[in-house]
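Me: I have a new model open and want to learn how to read it. Where do I begin?

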Amino acid sequence: MTLASVVDLLACPVCGGEVDIDDRSVICDRGHVFDIARQGYVSLLAGGAHGLRSDTPEMIAARDRVQGAGHFGPVTDALLDVTVGEAVLDVGAGTGHHLAQVVADAPDRRGVGLDLSKPGARAIARVSDRIGAVVADAWAGLPVRDGVVDTVLSVFSPRNVGEFARVLGPGGRVVVVAPTPRHLGEIVAPMGMIGVDPTKSDRLGATMSAAFTRRDRRLVEYAVDADRDLVADLVAMGPSAHHVAPAQIADRAAAMPASTSVTVSTTVSVYEASA
């Protein structure tokens, strides 16, 4: 059971107490019980989290096809360069693709893949026996114990700065991957996608500076030759899929050239706790 490898890192979302595995449940010292799904993940959602929008099975499937084909390989490589320590928390882990590569890079490394999406959690639970999959709302508090994480990964995902600071141990770091305004720029308009806010980088820095100091920042930018199927998947895997119907994505992709050079443009930033 993959959760057994990381249960000592987890905390009860109700009372914050330590948890353990009892048969097919995660249970805390005060008796709060959370059933482990047959697919191997556990939902540690606190009360009041119902109705939140998360990635659909179709979005997860599209992301799995894109990542599985290696189109975001340079992003993963950058994560391998900057991840430290044995305990890694991936907040908004999606399919678990990046986290699986990071964990496999060190023999004693293990990871918690946290996502609001149950289809995402099902995918995360399959990628490695050293990764535990958890459904949780990052904005409601991370169900992780204080000071037990060496690296927090935030790849195109929410950044709860106060919680990141709480769960990181001494010498820990946060690694943030964020899109630049050039990301997927060639297909944003023809596919009706949501563009990247030009002020996003400034807002990221301002948000993180509340508790962290940036130690490194690198640009990871390259071109991908995308056929129509890949163009459709690049739209379907991201937030634009919440606003564009699948039939519209298919029709717009069919109207694209047979091959389009698409820019993948991200920044990979490393933050450490401020003194």
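Reply: We take the pocket, then the salt bridges, then the record. Keep in mind that this is a predicted model.

Me: How do I read a pocket, and how much space lies in the largest pocket?

Reply: Rolling a probe the size of a water molecule over the atoms shows where empty space is left. Here the largest pocket holds about 1300 Å³. Its lining has 50 residues. Arg63, Phe156, Ser157, Gly238 and Pro239 lie nearest the centre.

Me: Which element supplies the largest share of the lining of the largest pocket?

Reply: Helix α1, with three residues. Several other elements give at least two each, including β5 (87-91) and α8 (228-236). By residue type, the lining splits into 24 nonpolar, 16 polar and 10 charged.

Me: How many salt bridges are in the whole structure?

Reply: A search finds 11. Start with Arg63 and Asp55, whose closest N and O atoms are 2.9 Å apart.

Me: Is Arg63 buried or exposed?

Reply: Check relative accessible area; under 20% means buried. Arg63 has 13%, so Arg63 is buried. Asp55, at 18%, is buried too.

Me: Which residue forms a salt bridge with Asp233?

Reply: Arg65, with closest N and O atoms 2.8 Å apart. This pair links distant parts of the chain: Asp233 sits in α8 and Arg65 in α1, 168 residues apart. Asp233 is buried at 12%, whereas Arg65 is partly exposed at 47%.

Me: Where does UniProt place the "domain: Methyltransferase" feature?

Reply: An unreviewed UniProt entry lists residues 88-172. That span is 29% helix and 32% strand, with end C-alpha atoms 10 Å apart.

Definitions and conventions:
Residues numbered from 1 in each chain as written. Predicted model: local features only at pLDDT ≥ 70, side-chain atom pairs only at ≥ 80, totals over all residues. Heavy atoms only, no water. 1 Å grid on protein atoms, 1.4 Å probe; cavity = no way out; pocket = protein on both sides within 12 Å on 5 of 7 lines; lining within 4 Å. Points joined across faces, edges and corners; volume = space filled by probe spheres on them. Helix = DSSP H or I, 4+ residues; strand = E, 2+ residues; numbered from the N terminus. Nonpolar A, V, L, I, M, F, W, Y, C, P; charged D, E, K, R; others polar. UniProt positions renumbered as here; feature names shortened; annotations may be inferred. Salt bridge = Lys/Arg side-chain N within 4 Å of Asp/Glu carboxyl O. Buried < 20%, exposed > 50% of the residue type's maximum accessible area, 1.4 Å probe, protein only.
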